Amino acid sequence: MIKIGMHQLSSIIPFSFISQFDKKIRTFPLVFLLLAPVSVWIVTETISPQIARAYTARVDLTIDRLPDEGYEAILRRAEMTARAAAQRSFDKDILVTDVSVIVSVQSYGAIAPILTLGVSRQQWRTRPDPRRWATYYKHARSLLRFDESTSSNPAAAVTIPQPVVNTPAATPPAPQTTPQAPGNAPTLPPPGERKP
């Protein structure tokens, strides 16, 4: 029961002109289905374009107070650190539109934020000055114990005893003796037993 049959052209359309037109009608839906999504995408992009994917870079830094460093000196060092961090953040990623840098200072066990630098790329491009865009914390000086005197500072109160060293000028020089004959040589006591 095998049925073998040949596929013949449609007998409904007997003319070759109409047969060619029929082949074009069959391929049109396929081309339309392939190109329709592209045209829809182009129309939606022209009407409402996608929003750029920009973001804010956040950097938290901590610097240590150096011995005998004043508040103004550490504030200038914090500004230089914030400036370098902001520039590095803008240079590292082109999608960053804003940078937020928080600089904290550690001073003898106390830690507190000293400044926050918040700036956009456009503002930084026109004026890359951290003093212009920074917010300073006015209570940082007292939190970091800069107002206390150095005598109450526990690290400064520790003194290390130095060993006492006898200098050569404190002991009299040994007398120069000239060599004599062995029978006439005077005997001198050792240097520690001499009497003045």
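With which side chain does the side chain of T116 make a polar contact? The partner is Y137, whose side chain lies 2.6 Å from that of T116; a polar contact here is a pair of N or O atoms within 3.5 Å, where, within protein, one must be able to donate a hydrogen and the other to accept it, and residues adjacent in sequence count only if both atoms are side-chain atoms. The model is a predicted one, so local features need pLDDT of at least 70 and side-chain atom pairs count only at pLDDT 80 or more, while totals for chains, interfaces and linings use all residues. Residues are numbered from 1 along each chain as its sequence is written, and side-chain values use heavy atoms, with hydrogens and water left out.

Along the sequence they come in the order α-β-α-β-β-α-α-β-α-α.

T116 sits in strand β3, residues 110-120. With a relative accessibility of 15%, T116 counts as buried (under 20% relative accessible area; exposed is over 50% and partly exposed in between, with a 1.4 Å probe and protein chains only). Across the protein, by comparison, buried residues make up 20% of the 196.

What does β3 pair with? Strand β2 (residues 96-107) runs antiparallel to β3 over 10 bridges, pairing being called when DSSP finds at least two bridges between two strands. These two strands form a hairpin with two residues between them, and Y108 in the turn has a positive phi of about 50°. Within this pairing, V101 stands opposite L117. Strand β4 (residues 134-136) also pairs with β3 in the antiparallel sense, over three bridges, and here T116 faces T135. Leaving out residues up to four places away in sequence, T116 touches S100, V101, I102, W133, A134, T135 and Y137 (contact means heavy atoms within 4.5 Å).

Then there is the nonpolar core, a set of buried Ala, Val, Leu, Ile, Met, Phe, Trp, Tyr and Cys residues joined through side-chain atoms within 4.5 Å. The largest one holds 27 residues, of which V101, V103, I114 and L117 touch the most other members. Elements β1 (55-64), α2 (71-92), β2 and β3 each supply at least two of its residues, and α2 gives the largest share, eight.

Technical notes: Helices (H or I, at least four residues) and strands (E, at least two) are DSSP runs, numbered from the N terminus.
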